[in-house]
Amino acid sequence: NNDNFRTLVRFALPTNVPAGCVVQSATLRLYASSWRTGRTLQAYRLAGSWSEMGVTWGNQPTTVGAAASTSSGSGYRQWQVTTQVQTMWSSGVNHGFLIRDASESGSGREQAFHSREHSQNRPQLTITFVPAGQ
C-alpha cells in the first residue's frame, strides 16, 4: 500500500493576542487511529486558503516556513507549533496546518487521524499566553 495521506486542519484564533500578553507555547495534537511506526510526521503552516469540501490532492495550498516534527505512533501525536502560531498572529493570516509524513514516498500504511466529526479524541490546539516581558 503506497497511499499518501495528508491532513489539513485549521482552528479559529481570536483576532488578537490578549492585551499585555504574548504566546508562550502552542501545541497541536491529533489522534492517530492507524499508523506505521518509525516515521516522522511534519506540521507545516499553510500559505493559502482552502475549503473542506473543495480541497483535493491536486489543489491543496502550498506550505510556508519550517515544519514542526514528531514521531509516528498510536494515540495522540503532538507537535510544538509555537513559531507557526506566533506567525499566524503577527501576519494576521491563519490558513491552518498541513500534516504529512516526511517520507511520503515510503511504503506501508500511513498515519490516519480523527477529525472533528469523531465523538472522541478530536484535534486540539492548546495555546498558552503569559504577560509580556516574562
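A nonpolar core is a set of buried Ala, Val, Leu, Ile, Met, Phe, Trp, Tyr and Cys residues joined through side-chain atoms within 4.5 Å. With that in hand, let's explore this predicted model.

Q: Which element gives the most residues to the largest nonpolar core?
A: The largest nonpolar core has 19 residues, and Leu28, Trp79, Val81, Phe97 and Ile99 have the most contacts inside it. Two or more residues come from each of β2, β3, α1 and β6. With five residues, the element that gives the most is β2.

Q: Which residues of helix α1 are buried?
A: Helix α1 covers residues 82–91. Its buried residues pack against β2, β3, β4, β5, β6 and β8. Buried here means under 20% relative accessible area. The residues in question are Thr82, Gln84, Val85, Met88 and Trp89.

Q: What are the edge strands of the open sheet of four strands?
A: Let's start with the order, which is β1-β6-β3-β4, with antiparallel pairing. An edge strand pairs on one side only, and that holds for β1 (7–9) and β4. The edge strands are therefore, by the rule that two strands pair if DSSP finds at least two bridges between them, β1 and β4.

Notes. Residues are numbered from 1 along each chain as its sequence is written. This is a predicted model: local features need pLDDT of at least 70, side-chain atom pairs count only at pLDDT 80 or more; totals for chains, interfaces and linings use all residues. Side-chain values use heavy atoms; hydrogens and water are left out. Buried means under 20% relative accessible area, exposed over 50%, partly exposed in between (1.4 Å probe, protein chains only). Contact means heavy atoms within 4.5 Å.
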